[in-house]
Amino acid sequence: MTGIGKSATVVGAGVVGVATAIALQRKGFTVTLVDHQEPGRGTSFGNAGILSNTTAMPLATPGILREVPKMLLDPLGPLTIRWSYLPKIAPWLFQFVRNARPDKVEELSKAIVALSKPTLEVWTDLAAHAGASDLIERRGWVGVYTGADADKKAAYDIAVREKRGIAAEPLSADEVRQLVPGIARTVARGVLHPNAGHTVSPYRLTERLAQHFRNAGGVFRQAKVTDIGFVDGKPATLTTDHGPIAFERLVIAAGAWSKQLVARLGHKVPLDTERGYHVMISDPGVELRLPVSWSEGKFFLTPMAGGIRVAGTVELAGLDAPPNWKRADALLEKGKLLMPGMKTDKVERWMGFRPSLPDSLPVIGGTPKHANIFFAFGHHHLGLTQSAMTGRLVAQVMAGERPDIDIAPFRVDRF
Ligand SMILES: Cc1cc2nc3c(=O)[nH]c(=O)nc-3n(C[C@H](O)[C@H](O)[C@H](O)COP(=O)(O)OP(=O)(O)OC[C@H]3O[C@@H](n4cnc5c(N)ncnc54)[C@H](O)[C@@H]3O)c2cc1C
């Protein structure tokens with residue numbers, strides 16, 4: 001409880017900000033959380049819900065780069081770029097490609113696993129603390145593979161995990177069908193990730209955590225932060241559309257919108273966004289006991305409280321372009337290809353902004369520039385997964401304790 005008598009302000013009430021706010025409270029800090037939306041209404045609202053403690057690789061690998069040209073040919077496929085956005089995202093893409101060097105992939109893989117492997121243990125603890133255990137399932141998930149290279153892809157996905165001591169079990173097509181009775185006949189192979197989990201509602205999970213935060217004395221201020229003010233060279237106030245908010249210590253956890261605030265604090269980070277979509281299907285009329293991911297389509301089908309969610313894919317188009325709902329419709333079509341019996345009369349569509357850095361690692365920790373500033377953003381495809389651990393690490397650093405894992409790979413000045 002080394003935070004007793006100290007205060008902290010967190011900007012951003014997504015799952016990362018809320019998990020961090022609670023972790024700080026648990027260390028004894030008095031915490032204020034600031035967001036212009038209600039907690040959990042940003043990207044944390046609509047993700048696929050997977051607690052993916054089995055992810056072992058960064059996004060940029062030589063294998064993925066080989067697939068990119070084919071993916072880009074389909075404007076409604078797993079990866080697309082709005083060509084008008086290309087000049088803006090070109091430097092990010094350049095760094096992304098550079099990170100696919102084998103030695104770099106090895107280094108990034110170790111950091112991803114260190115941050116993600118404790119996920120279930122840390123999330124179980126956080127959910128129990130906040131009274132949200134009913135929102136977390138521990139059934140694992142199944143990756144399914146179609147096409148001529150199904151065997152090869154499944155074997156690769158198992159091998160990269162085995163190397164890091166992560167359980168992943170091969171499944172024949174019949175074994176996949178036993179686990180997922182309605183799955184398409186085109187599925188030739190599967191991989192079971194037995195130790196992973198998922199939430200039945202990403203939004204309710206963040207909301208529940210935020211409610212606990214308030215019940216435990218935390219203050220939520222609904223305001224948009226537009227600038228950061230300094231007193232004698234030290235960051236000291238948030239300028240907001242609802243007046244200034246003074247702070248002692250500040251955590252930037254504003255997801256895909258963190259870049260400008262971080263720049264104000266003296267760090268240029270290549271943060272961009274990988275937009276993703278979901279379609280929430282109520283009354284799908286098929287049984288799905290555990291999440292299924294189709295490696296080729298780059299999306300998940302997840303059983304949730306309100307039905308089945310089809311979520312995923314990547315669109316590089318920045319923070320301002322309107323959604324392309326045809327991508328959500330295509331996602332639904334592909335979901336139906338995977339589960340042909342699924343009824344899709346009642347659906348809701350959503351788009352969100354993954355906060356992505358080109359090396360697939362978030363920024364976690366402090367800055368040598370200012371002793372009272374801390375960061376927790378950039379969790380790309382794994383923000384739900386890594387949020388509980390991120391909160392724990394940030395709180396440990398702020399309390400002057402040694403963090404559970406080495407956080408050097410996540411430092412803000414690594415670019
Ligand atoms: C389709 C899709 C599927 C995904 N599936 C998974 C998955 O299965 N598992 C997984 O682990 N991750 C998944 N993710 C990624 C995950 O959702 C994100 O990494 C995570 O939600 C990021 O959380 P966050 O708290 O950083 O950001 P957000 O949830 O976006 O929160 C940031 C908050 O900051 C606030 N904010 C921003 N700027 C300001 C400002 N100036 N002033 C005040 N407030 C501000 C916003 O209003 C917002 O509430 C998925 C993402 C997508 C899009």
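**A strand pair, its sheet and a helix pair**

Strand 1 (residues 7-11) and strand 14 (residues 250-252) pair in the parallel sense, with three bridges between them. Val10 stands opposite Val251 of strand 14. The model shown here is predicted.

Six strands make up an open sheet, and their order is 10-2-1-14-21-20. The pairing in this sheet is mixed. Which strands stand at the edges? They are strand 10 (219-222) and strand 20 (363-367). Each has a single partner strand, so one side of each is left without a neighbour in the sheet. On average, neighbouring strands of the sheet are turned by 20° against each other, direction ignored.

Turn next to the helices. Two packed helices are described by the angle between their axes and the distance between the axes. Take helix 1 (residues 15-26) and helix 8 (residues 202-215): their axes come within 9 Å and cross at roughly 30°. Helix 1 is therefore roughly parallel to helix 8, because angles under 35 degrees count as roughly parallel. The crossing of helix 1 past helix 8 is left-handed.

Which residues meet where helix 1 and helix 8 are in contact? Helix 1 brings Val15, Val18, Ala19, Ala21, Ile22 and Gln25. Helix 8 answers with Thr206, Leu209, Ala210, His212 and Phe213. Sorted by class, this contact has eight nonpolar residues, three polar ones and no charged ones.

Definitions and conventions
Residues numbered from 1 in each chain as written. Predicted model: local features only at pLDDT ≥ 70, side-chain atom pairs only at ≥ 80, totals over all residues. Axes fitted to C-alpha atoms, helices over the stretch in contact; angles between N-to-C directions. Helix = DSSP H or I, 4+ residues; strand = E, 2+ residues; numbered from the N terminus. Parallel < 35°, antiparallel > 145°, perpendicular 65-115°, else oblique. Left-handed = near helix turned anticlockwise from the far one by under 90°. Contact = placed C-beta atoms within 7 Å. Nonpolar A, V, L, I, M, F, W, Y, C, P; charged D, E, K, R; others polar. Pairing = 2+ DSSP bridges.
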